Amino acid sequence: MATAAPVRTDRYAGDPRWALISPDPYPLLIAGSLRQAADGATFDAVSPRDDRAVARIALAGPTDVAEAVRGARSAADGDWGRTTGRQRAKLLEQIATVMETHADELAFLEAVDAGKPIASVHYSDISISLD
């Protein structure tokens with residue numbers, strides 16, 4: 001069941017980046033597939049800045065964890081386990097390129113989630129992640 005997007009009443013209420021936050025629960029990524037928790041459980045991601053829920057996230061239960069472990073073992077025993085360090089480095093470089101392209105959006109989302117100033121996230125957290 002979809003929930004309404006968070007209502008902003010502060011000075012950032014008109015910021016178009018709020019549209020990046022889905023009103024629907026964010027799914028789990030298990031074995032390469034996005035899915036809701038097997039039991040449908042979710043939790044609120046609460047911003048420490050103002051104690052308001054900013055998103056709903058699927059809450060993994062024992063069934064989900066077991067499926068994730070099976071998926072990880074399958075990947076390790078399969079193609080991913082056979083990739084070389086050089087191939088993995090190339091994939092990480094591709095991820096870094098996408099992160100750089102979307103650094104402003106990522107900084108906003110992390111600032112909302114962590115309650116940190118956007119500048120701090122942008123010039124510290126994201127920069128460290130890219131290194």
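In which hand does H4 pass H5? In this predicted model, for which local features need pLDDT of at least 70, side-chain atom pairs count only at pLDDT 80 or more, and totals for chains, interfaces and linings use all residues, the crossing of H4 past H5 is right-handed, a term for a near helix turned clockwise from the far one by less than a right angle. Residues are numbered from 1 along each chain as its sequence is written, and side-chain values use heavy atoms, with hydrogens and water left out.

The protein chain contains five helices and four strands, taken as DSSP runs numbered from the N terminus (helices, H or I, at least four residues; strands, E, at least two). Read from the N terminus, the order of the elements is β-β-β-β-α-α-α-α-α. The C-alpha atoms of the chain fill a box of roughly 50 × 35 × 20 Å along the principal axes, and 19% of the 131 residues count as buried, that is, under 20% relative accessible area with a 1.4 Å probe and protein chains only.

H4 and H5 pack at an angle of about 115 degrees, their axes lying 8 Å apart; the axes are lines fitted to C-alpha atoms over the stretch in contact, and angles run from 0 to 180 degrees between N-to-C directions. The contact (heavy atoms within 4.5 Å) involves residues of H4 including Leu106, Phe108 and Glu110, and residues of H5 including Val121, His122 and Ile126. By class, this contact has eight nonpolar, one polar and three charged residues; Ala, Val, Leu, Ile, Met, Phe, Trp, Tyr, Cys and Pro count as nonpolar, Asp, Glu, Lys and Arg as charged, and the others, Gly among them, as polar.

The largest pocket is lined by 17 residues, of which Ile21, Tyr26, Leu109, Glu110 and Asp113 lie nearest its centre. A pocket here is an open set of points on a 1 Å grid over the protein atoms alone, where a 1.4 Å probe fits, with protein on both sides within 12 Å along at least five of seven lines, and lining residues have an atom within 4 Å of a point. H4 supplies the largest share of this lining, five residues, and the lining comprises 14 nonpolar, no polar and three charged residues.

Ala41, in the loop between strand E2 (33-35) and strand E3 (42-46), is in contact with Ile57, Ala58 and Leu59 when neighbours within four places in sequence are left aside. The C-alpha atoms of Ala41 and Ala60, 19 residues apart along the chain, are separated by 7.4 Å.

Conventions
Buried means under 20% relative accessible area, exposed over 50%, partly exposed in between (1.4 Å probe, protein chains only).
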